[in-house]
Amino acid sequence: MYKFKLCISIIFFSLLLVGTSIIKNETRDLEKKIDNLNEHIVSKEKDLNETQLDFFYLTSPYVLEQRIQNLDINIYIPMKHSNIFLSFLSFVELQNKFVIQEIQNEKKIQKR
Amino acid sequence: MRKKYKKDKNPNKNQTSFYFEDYLETNKKIRFSRKKNFLQDRVYLLFFLFFTLILIFSLRIVHISLNKLEVSNQSNSSKKFTLLRRDIVDRNGELISRNIQSFHAAINPKLIKNKENFLINLRLNFPNIQKEKIENQIKKGKYFYLKKRINQQEKEKLWNLGHKAIIFEPFQSRIYTHANLFSHIIGQVDFDNYGISGIEKYFDKELKNRDLLSEPLEITLDVNLQYLINKELNKALTTFNSTGAGALLMDVKTGEILSLVSLPNFDINKRANVKDKKYLNKITKGVYELGSIFKTFTVALALENKIVSPKTIIHDIPRSIKCSKHNISDIKEFPRNLSVEDILIRSSNIGTLLIARKIGEKKFKKFIEDANLLETPEFQLEEVGSPISFNWNKCKLETVSFGHGITTTPLQATSIYASLTNGGNIIQPTLIKRKFNKTNKKLISKSTSENINKILRKVVTDKNGTASLANIDGYYVGGKTGTSQNYQNKKDNLNTFISIFPSQKPKYALLVMLENPKVAKDLVYNYRGSKIKASRNEAGWNSVYVAGKIIEKIGPILAIKSEDFNYQYVVEKTN
């Protein structure tokens, strides 16, 4: 009985010992991976930061205007208020008015 | 059954007694069992100890695995670039300022093996370096700075030299992505990360708050509007040969400032010590007599107190009035009988003076107190001017009524115009978004505000109005011009135009100010359908013109971005 208990204790103890060392090694490997990933994240964050700065500078109104002047032939003028429609319905209404006016003009021309 | 013990007839002398033999036997057994128990106990104790250690270890592993990653990230904190200051962004999230990692280049002379070779290499790559100065410093043998705040190119050049003696000291530098655009508002920081002017100084603690380092500080300015207004004002400086200019665009309901420009400005990335007065923030720090702008206040007060109505005719307006030593007159000849709204439309000094006399000094003083015209305004910048105080002498009411003898900052003047036109609610100008900006105080009633809006619109549309050049189609601009002279030097003048649009239900107030403008001889105006050249140096021919150009450019942006137009289609008409 005593030997049985002793055997079981030793087996259980060995299993725990082996298991602990396996877990410990796995944990150490995981920590190394986490460290590596963190280094990658830090360098990516740095790259993102620099890219963001470049983006904000290159999309600033001054730089965009310079590029448009250098690369494009068209001259851009401010949009007239009459060209801004606050809803699709108001655009359609105006177009309908143009169409009706055109039809009336055509009828007048035909009568003549 | 008891054993029968027979007496031994021939006792063996060597034989031990039965009792002692038994004792030894049992004693041995007892000892053996005791030993066995001790052994067992030791085994169990060891087992227990190891089990406890393993249990502690396992619990620790579980604890680490369940905890947040920050626990494991702490070891990498030395490599990570941690911000010391928050970003500043505009109302649309566009970056205005940010801390970046920068370097100082230093030299440790003790690590230089061949000094001559080192100096030659430095000179080859940096021809502008003062060779003798560096040679002396190397001879001293002490650690010194070759150059502070080096840029990326310089760093790469020095790095490529491959000398151990060149050391790069990291530090955090503040950069401003828009250079000159926000120079008067954002301000600067010193090398130790302390704000020394502008928003950087006012919000220094909030910007360094460690709990909020990842959240940018959002201000109400708009980069695009700021750029457009800045560009138009710069054009105006050359067109009208002005010494300075300023503009302010404000939301009349909330007091949020969408744009604040003061010219000339400077590049805040250069970290120059700016002392010249011409670089003063004219909108917040400049204190001026704004002139005829004040006539709107007089008329509003008269309407509010129901002394007059917009159509009330003021009869027998004299050409000039003498008050103490002052001889007050108008620049132009006006009809003798004018309605109240005509007095404002034509900008008659005498007419306004007569209205002010009907109001009385007491009510006028109260209005000025309610509007905080003579107090230093509360604003999120330290560079704020204080109006000059004065005594209410014999003719003070008369002169103050049309804007002479009273000074204020353009910021305060615009805020009061916003309060007059938004239904009469007093607003406080702000650079930071607030949920509610209504102070629950009223300057005038809603009906008076509506009347004022109508009159201001007529200043722009009426043939006798002084601001026709700001009548931009679709924006229903209303406003008031102001032309004032410097008493010490009559050649110096300040031309101002405060506009509100759309005048039926104002959303924005725009102030445009030109310092010492001249007549633009080459400029051809499109004045009420005809092409003419200006001959007078008045606000109606310069500040109003510039304001019109600004509204033309910023109008579509404001129309599209306004909350009323969200979730609706905006369609461009194509021909």
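From the N terminus on, chain A runs α-α-β-α. Its radius of gyration is 39 Å, well over the 13 Å that the globule rule gives for 112 residues, so chain A is more spread out than a compact globule. This is a predicted model.

**Chain A: elements and extent**
- Chain A holds 3 helices and 1 strand.
- The C-alpha trace of chain A spans about 125 × 40 × 20 Å along its principal axes.

**Chain A: surface and charge**
- Of its 112 residues, 12% count as buried.
- Chain A carries 15 positive and 14 negative side chains.
- The centres of these two charge sets lie 8 Å apart.

**Largest nonpolar core**
- The largest nonpolar core has 129 residues.
- Within this core, B:Ile199 and B:Leu249 touch the most other members.
- Helix H17 of chain B, residues 543-561, gives the most to this core, with 9 residues.

**Around B:Leu249**
- Leaving out residues up to four places away in sequence, B:Leu249 touches a set of chain B residues, among them B:Leu225, B:Ile229, B:Ile257 and B:Leu258.
- Its contacts also include B:Phe501, B:Tyr508, B:Ala509 and B:Leu510.
- B:Ile554 and B:Leu558 are among the residues that B:Leu249 touches.
- B:Glu256 and B:Ser259 are also among the contacts of B:Leu249.

**Second core**
- A separate second core has 18 residues.
- Its members include B:Leu122, B:Phe126, B:Leu161 and B:Ala165.

Definitions and conventions:
Residues numbered from 1 in each chain as written. Chains lettered and ligands numbered in written order. Predicted model: local features only at pLDDT ≥ 70, side-chain atom pairs only at ≥ 80, totals over all residues. Heavy atoms only, no water. Helix = DSSP H or I, 4+ residues; strand = E, 2+ residues; numbered from the N terminus. Rg over C-alpha atoms; globule rule 2.2 N^0.38 Å. Buried < 20%, exposed > 50% of the residue type's maximum accessible area, 1.4 Å probe, protein only. Lys, Arg positive; Asp, Glu negative; His and termini not counted. Charge placed at Lys NZ, Arg CZ, Asp CG, Glu CD. Core = buried A, V, L, I, M, F, W, Y, C linked by side-chain atoms within 4.5 Å. Contact = heavy atoms within 4.5 Å.
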